[in-house]
Amino acid sequence: MKNVLITGVSRGIGKALAQKFLNEGYYVIGTSVSGNVDFEHKNLKVVQLDLTKSASIDASVDEIKSLGLKIDIFDNNAGMLFDDGETKLSVEKLRETLEINLIGTADFTEKVLPFVNDRGHIIFTSSSAGSIFETDYHTHSHHPNQYPAYKISKAALNMYMRTLAMRLEKEKAGIKVSSVHPGWVKTEMGGEDAPMTPEEAALHIFMTATKENIETGQFWFKGEKYKW
C-alpha cells in the first residue's frame with residue numbers, strides 16, 4: 001500500500017483529495033488545524049498541524065515520523081486567502097498569508113523530506129493567481145487586480161517548488177517536485193460561482209500526482225504545463 005501525506009484535509013480540495021486517495025487504496029496521513037475531520041476511514045490518520053506555529057510543525061513531524069512510513073506522495077494543499085476583493089496591498093495580511101502559504105509550508109516540507117520515498121512526488125497546490133504571465137497587461141487575466149498578498153504568496157510558492165526541484169535533482173534524483181493549479185473551485189475560498197467541484201479538482205491533482213516519469217520542477221493544470 002502506498003502512502004500519501006496531504007495538508008489541510010478538513011474541507012474543500014484537501015478533503016476531496018484525501019477521499020480520492022482513500023478510494024484508490026492509499027494510506028492517507030492528513031493534517032488539519034484542529035486535528036479533526038468530519039469523515040473516517042480505516043486507512044486515514046489525521047495529524048494536528050498549524051502552519052503558523054513552529055511548535056505545531058515540529059510536533060506534527062514527530063508524529064508522522066513515529067508512524068515509521070515512507071511517503072510516496074506529499075501534497076502541500078493547505079493555504080489561505082485573507083485579502084479577497086482587495087486591490088491595495090496590506091502588509092499585515094501579506095505577513096499572515098506568507099506565514100501559511102509559503103514559510104510554514106516550506107518549513108514543514110523541509111522537515112518531512114527525510115521521510116519521502118526516494119521515488120516520491122512532492123506537490124504544492126498553487127494557483128493561476130501566482131502566474132506572472134497571467135498578470136501581464138497584454139493578456140486577459142482571470143484574476144483582475146485583486147488579492148495581491150495571495151498572488152505574491154503563490155508566485156513565491158512556485159519559486160520554492162522550482163528551487164527545491166533543482167536541489168533534489170542533485171541530491172535525490174528520484175524525487176519529483178511539482179506545483180498544480182487546481183482550477184476555480186467551489187470552496188469557501190473559490191465561492192459558489194466557481195465552475196469546478198472539489199471532486200473534479202481532486203481528480204486532476206490525483207492524476208498529476210500519480211503520473212509516471214513526470215517532469216520535475218513544472219507548474220501543471222489538468223495534466224498540461226501551465227504558463228508561469
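The dialogue below takes up confidence, the sheet, its helices, the cores and some single residues.

Student: What should I know about the model before I read its features?

Tutor: This is a predicted model, in which local features need pLDDT of at least 70 and side-chain atom pairs count only at pLDDT 80 or more, while totals for chains, interfaces and linings use all residues. Residues are numbered from 1 along each chain as its sequence is written, and side-chain values use heavy atoms, with hydrogens and water left out.

Student: What average pLDDT does the protein have?

Tutor: pLDDT is the predictor's confidence in each residue, from 0 to 100. The protein averages 91, and 91% of the residues score at least 70. Over residues 137-141 the pLDDT is below 50, and this stretch has three contacts in the model beyond near neighbours in sequence. Contact here means heavy atoms within 4.5 Å.

Student: In what order do the strands of the open sheet lie?

Tutor: Strands of a sheet pair through backbone hydrogen bonds, either parallel or antiparallel. Strands (E, at least two residues) and helices (H or I, at least four) are DSSP runs, numbered from the N terminus; two strands pair if DSSP finds at least two bridges between them. Here eight strands form an open sheet with mixed pairing, in the order β3-β2-β1-β4-β5-β6-β7-β8. At the edges stand β3 (44-48) and β8 (224-225); each has a single partner strand, so one side of each is left without a neighbour in the sheet.

Student: Which residues are bridge partners in these strands?

Tutor: Strands β1 and β2 run parallel and are joined by four bridges; the partner of Leu5 in β2 is Ile29. Five bridges join β5 to β6, also a parallel pair, and there Thr125 has Val180 of β6 as its partner. Between β6 (residues 176-180) and β7 (residues 218-221), which run parallel, there are three bridges, and Ser178 is partnered by Gln218 in β7.

Student: Which helices pack on the sheet?

Tutor: For such packing, axes are lines fitted to C-alpha atoms, for helices over the stretch in contact, and angles run from 0 to 180 degrees between N-to-C directions. Helix α2 (residues 54-66) lies across β1 (3-6), β2, β3 and β4 (71-76), and runs at about 155° to β3. Helix α5 (residues 198-209) touches β4, β5 (116-125), β6 and β7, with a direction that makes about 150° with that of β5.

Student: How many residues of β6 are buried?

Tutor: Buried means under 20% relative accessible area, exposed over 50%, and partly exposed in between (1.4 Å probe, protein chains only). Four of the five residues of β6 are buried, so this strand is largely enclosed by the rest of the structure. Strand β1 is covered on both faces, with Asn3 and Leu5 buried on one side and Val4 and Ile6 on the other.

Student: Which residues have the most contacts inside the largest nonpolar core?

Tutor: A nonpolar core is a set of buried Ala, Val, Leu, Ile, Met, Phe, Trp, Tyr and Cys residues joined through side-chain atoms within 4.5 Å. The largest has 32 residues, and Phe108 and Ile122 have the most contacts inside it. The elements that give it two or more residues are β2, α2, β4, α3 (91-112), β5 and α4 (148-171). A second, separate core of 24 residues includes Leu17, Ile123, Ala202 and Ala209. Not counting residues up to four places away in sequence, Ile122 touches several residues, including Phe74, Leu164 and Val177.

Student: Is Ser32 buried or exposed?

Tutor: Ser32, in strand β2 (residues 27-32), is buried, with a relative accessible area of 3%. A polar atom of the Ser32 side chain lies 2.9 Å from the backbone nitrogen of Gly35. Leaving aside neighbours within four places in sequence, the contacts of Ser32 include Ser10, Val37 and Leu49.

Student: Is Asn145 buried or exposed?

Tutor: Asn145 is exposed at a relative accessible area of 56%, and is found in the loop between β5 and α4. Asn145 touches Glu86, Thr87 and Lys151, not counting residues up to four places away in sequence. Of these, Lys151 belongs to helix α4 and is buried, with a relative accessible area of 12%.

Methods: A polar contact is a pair of N or O atoms within 3.5 Å; within protein, one must be able to donate a hydrogen and the other to accept it, and residues adjacent in sequence count only if both atoms are side-chain atoms.
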